[in-house]
Amino acid sequence: MPILTKKAIRNRVHTRLRRKVTGTTERPRLSINFTGRHITAQIINDEEGKTLVSVHTTEKSLDSAALKPNAKGADHVGKLVAERAKEKQIAKVVFDRGGFRYHGKVKALADAARAAGLEF
């Protein structure tokens, strides 16, 4: 049996989750991703295959914040994605944790988005 890396295990879990979690027009999918340096959060309508809202820590507007991929940075990204979703009249989403455990920075991002008005 081959030795699996953390990344391979996360990808397997994410693939398994994506069979169940899909975004619709009424409830798009809030997808998150954490790398060693950055955080990405997107609200996606899977029926149309379109990204409705996106936040990434490499954006010009976030350069001054100098966000890191930790709980504090995730909190800021969660608030920002919820604000941008409100601007597009999106209130309810399906949370796609991307194969990451719901703990630490994933939980911080989700809690911040909920506090800013998104319903999961």
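1. Overall size. The radius of gyration of this predicted model is 14 Å. A compact globule of 120 residues would come near 14 Å, so the chain agrees with that expectation. Along its principal axes, the C-alpha trace spans about 50 × 35 × 25 Å.

2. Fold order. The chain holds three helices and four strands. Read from the N terminus, the order is α-β-β-β-α-β-α. Helix H1 covers 6-18. Strand S1 covers 29-34, strand S2 residues 39-45, and strand S3 50-56. Helix H2 then takes 71-87 and strand S4 takes 94-96. Helix H3 spans residues 105-115.

3. Of the 120 residues in the chain, 38% are buried. Take the contacts with a separation of 6 or more: residues 24 or more positions apart account for 59% of them.

4. Surface and charge. The accessible surface amounts to about 7500 Å². Carbon and sulfur atoms supply 52% of that surface. The chain carries 25 positive and 12 negative charges.

5. Helix H3. Its buried residues are Val106, Ala108, Leu109, Ala110, Ala112 and Ala113. In an α-helix, residues three or four places apart point the same way, because there are 3.6 residues a turn. What do the buried residues of H3 pack against? Their partners are strands S1, S2 and S4, together with helix H2. After H3 comes glycine 117. Its phi is positive, near 120 degrees.

6. Aspartate 96. This residue belongs to strand S4. Its relative accessibility is 1%, so aspartate 96 counts as buried; the cut-off is under 20%. Which side chain does the side chain of aspartate 96 meet in a polar contact? The partner is arginine 29, at 2.8 Å. Beyond its neighbours within four places in sequence, aspartate 96 is in contact with His14, Arg18, Val21, Arg29, Leu30, Ser31 and Ile32. This is a site to look at in the viewer.

7. Valine 94. Strand S4 also holds valine 94. Buried, exposed or partly exposed? Valine 94 has 21% relative accessibility, so it counts as partly exposed; buried would need under 20%. Valine 94 and arginine 29 are 65 residues apart in sequence, yet their C-alpha atoms are 4.6 Å apart in space. Leaving aside neighbours within four places, valine 94 is in contact with Val21, Thr22, Arg27, Pro28, Arg29 and Leu30.

8. Valine 21. The loop between H1 and S1 contains valine 21. Its relative accessible area is 16%, so valine 21 is buried. Not counting residues up to four places away in sequence, valine 21 touches Arg29, Val94, Phe95 and Asp96. Valine 106 is 85 residues from valine 21 in sequence. C-alpha to C-alpha, valine 21 and valine 106 are 17 Å apart.

9. Threonine 40. Strand S2 is where threonine 40 is found. Its relative accessibility is 17%, so threonine 40 counts as buried.

10. Positive phi at alanine 66. Most residues other than glycine have a negative phi. Alanine 66 is not a glycine, but its phi is positive, about 50 degrees. Alanine 66 sits in the loop between S3 and H2. Its relative accessibility is 57%, so alanine 66 counts as exposed; the cut-off is over 50%.

11. Positive phi at glutamine 89. Here too the residue is other than glycine, and phi is positive, near 60 degrees. Glutamine 89 lies in the loop between H2 and S4. At 70% relative accessibility, glutamine 89 counts as exposed.

Key. Residues numbered from 1 in each chain as written. Predicted model: local features only at pLDDT ≥ 70, side-chain atom pairs only at ≥ 80, totals over all residues. Heavy atoms only, no water. Helix = DSSP H or I, 4+ residues; strand = E, 2+ residues; numbered from the N terminus. Buried < 20%, exposed > 50% of the residue type's maximum accessible area, 1.4 Å probe, protein only. Rg over C-alpha atoms; globule rule 2.2 N^0.38 Å. Contact = heavy atoms within 4.5 Å. Areas by Shrake-Rupley, 256 points an atom, 1.4 Å probe, with all protein chains shown as cover. Lys, Arg positive; Asp, Glu negative; His and termini not counted. Charge placed at Lys NZ, Arg CZ, Asp CG, Glu CD. Polar contact = N/O pair within 3.5 Å; in protein donor to acceptor, adjacent residues only side chain to side chain.
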